There are 2 protein chains.
Amino acid sequence: MADQVIRIAGDSPSEVRVGDGALGALSALLERADRAALVADERALELHGDRLRAHGLPADLPTLALPAGEACKDLAQLGRALEFCAEAGLSRRSLVLGFGGGAATDLAGLAAALFKRGVPVAHIPTTLVGQVDAALGGKTAIDLPAGKNLAGAFHMPVAVLSDPVFLGTLPEAEHRAGLGEVVKSALLAGPRALTQLEADAPALAAREQAALARAVAMAAGLKARVVEEDPLERGPRRSLNLGHTFGHAIETVAGHGRIPHGLAVAAGLILAVRASAVAACLEEPGLLGRLTALHEALGLPTGLTDLGVQLEPSALWEAMGQDKKGSVGRPEFVLLARPGEARLGVALERAAVEELLIP
Amino acid sequence: MADQVIRIAGDSPSEVRVGDGALGALSALLERADRAALVADERALELHGDRLRAHGLPADLPTLALPAGEACKDLAQLGRALEFCAEAGLSRRSLVLGFGGGAATDLAGLAAALFKRGVPVAHIPTTLVGQVDAALGGKTAIDLPAGKNLAGAFHMPVAVLSDPVFLGTLPEAEHRAGLGEVVKSALLAGPRALTQLEADAPALAAREQAALARAVAMAAGLKARVVEEDPLERGPRRSLNLGHTFGHAIETVAGHGRIPHGLAVAAGLILAVRASAVAACLEEPGLLGRLTALHEALGLPTGLTDLGVQLEPSALWEAMGQDKKGSVGRPEFVLLARPGEARLGVALERAAVEELLIP
């Protein structure tokens, strides 16, 4: 299957390459920069460092190994990454390469955004969540003690190289979490993407490379369109938060780390479609049934009970009031009219929402 | 004297008010925000907190007192400010108020830039450097162990309220340091600004309010024009670094904190004009003499020897190669053809530059 290339126009143009030849673009990226440095998840480095070097990454490139997974997204690691950029002698014409899952590319992206107020960054995401969502579109962040992703910046990567080969080594739970974001992307991309995803569901569950590449390219294409229109999330980009107001509240109330983000979002998507029906916004009544069947085929939760955690409706509502996109205390929802058509910034009654949340 | 209002158009419009009525705009700013919080230099708060409250700042506004002066510009204080924003429950529709000198407004601005990826910020600068330069234009930063201002972001303040009354309590050294930036602004603003500044020099040295307000408004007007044209410092905005390639090198080689930034810049301006002559770029041969006389009238250094520190020419050259605006190892200079006309990104021979630096 040929690689796919998706371009994002704008003040900070970006290019996403998807396929097992995506890393072929690495050498040219490195050549354009006056210096480069690698900021990488230590586990990704162990598993896949050889594949990078086989595609032209110099063996002596300055490299910062981050603690694996979400542990790297804090202020101390950010400080470490900034010092590393200084030691590597990077200029504004250099390149930071982020390598790993969404946490590593978030941290690398934020360090690149801040060092000298902006060094170009390119990402090589190694997880499904990274390839379909986190590494794309320039949102970076660290967690604060007060909450996830509370401090960050917009810093568009000059390139994202998504190689489906990396996805073969993912733990099953991380693979499924990524599928949650794939479903979200298809719901927003429109009827064709959703039908394709329904057809690909068994192949995706079995991690067939061609189906994975198709799903990643679909999600990247959607994100490119939305981000191009609204790079700073002032309006239409908020559609990408479909399922996330519910999802973030689920993660918060369950206690961070207990429920993987992608599964919380998957449950959030079901809730968002149910809320769309309650708000009389949903124009395609069969959508909830299709979505439920799709989640079953992909091994995703079809509701809160599937998460196996007790979640109080009132606690979920309170947590939604803290979401970073809304005003103080007033949760806002992204709802769906039909696949490809979102409704933004919808306020819902507390009682109606809590009723949806009763297990 | 009536207040002056300078507007900066663009994606992130900004408004600068200069005069002893500037704080009159505070209440309206607070009313527009869903919440607000004050991030302030502890010394400014002690000296001038009452004046803020007299202009409508609520006595119970959440307030973070930062260590006085440059001590607040590090990662630990940034973390503290971010946690403070979380505790204050700020949303993207809230307002962070930065209050103090350039260090405090830099830290407040960076925290606002990062919290939830961007909360609006307004600054109330209390020093001359803050009012003529640091609080304007959206550049924020902290220092890293590896160097000053090495990590930061562009985050345009929605408003800057510059009240010359605050300048009365400044230590003399800080006042003079601010005058260095005033001279830089006049050199870039053009012949009229320079002539006005020459006429105002005695009044500025004596801190007369009307002359101070005139100088602040002149500098703010220049910065507004330049920033409007080039908000992210990709081209013309670099003119604002006139004298700064030399100035930063002087600060670095002397050891940080030994020579106030504004005095290093003042010496750097003299060097930049001399370098402009050497590079056959200067078209107004009398400029060096005028600038020297102006510096004398303002109590500013007229050359390296006035700084009272031994500075090796070769060490200065090496330090210039580390400047954050250039590529790796190749210093770039801003030179002057005449007042109001800068030449950007000029590369100079090492030998020629070192000759200028011999005491």
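Me: Which hand does the crossing of H10(B) and H13(B) have?

Reply: Two packed helices are described by the angle between their axes and the distance between the axes. As for the hand, a crossing is left-handed if the near helix is turned anticlockwise from the far one by less than a right angle, and right-handed if clockwise. Here H10(B) passes H13(B) in a right-handed crossing. Bear in mind that this is a predicted model, where local features need pLDDT of at least 70, side-chain atom pairs count only at pLDDT 80 or more, and totals for chains, interfaces and linings use all residues. Residues are numbered from 1 along each chain as its sequence is written, with chains lettered from A and ligands numbered from 1 in the order in which they are written.

Me: At what angle do the axes of H10(B) and H13(B) cross?

Reply: Axes are lines fitted to C-alpha atoms, for helices over the stretch in contact, and angles run from 0 to 180 degrees between N-to-C directions. Helices (H or I, at least four residues) and strands (E, at least two) are DSSP runs, numbered from the N terminus. The axes of H10 (residues 261–278) and H13 (residues 350–357) of chain B cross at roughly 135° and come within 10 Å. Angles under 35 degrees count as roughly parallel, over 145 as roughly antiparallel, 65 to 115 as roughly perpendicular and the rest as oblique, so H10(B) and H13(B) are oblique to each other.

Me: Which residues of H10(B) and H13(B) meet?

Reply: Contact needs C-beta atoms, placed from the backbone, within 7 Å. From H10(B) come Leu271(B), Arg274(B), Ala275(B) and Val278(B), and they meet Ala352(B), Val353(B) and Leu356(B) of H13(B).

Me: Now Leu294(B): buried or exposed?

Reply: Count the other C-beta atoms, placed from the backbone, within 10 Å of the residue's own: 20 or more is buried, 12 or fewer is exposed, and in between is partly exposed. Leu294(B) has 22 C-beta neighbours inside 10 Å, so it is buried. Leu294(B) sits in helix H11 (residues 287–298) of chain B. Beyond its neighbours within four places in sequence, Leu294(B) contacts Val183(B), Leu197(B), Glu198(B) and Ala201(B).

Me: And how many residues of chain B are in contact with chain A?

Reply: 29 residues of chain B touch 29 residues of chain A. On the chain B side, H3 (75–87), H4 (102–114), E7 (139–144) and E8 (147–154) each supply at least two residues. E8(B) gives the most, with six residues.

Conventions:
Contact = placed C-beta atoms within 7 Å.
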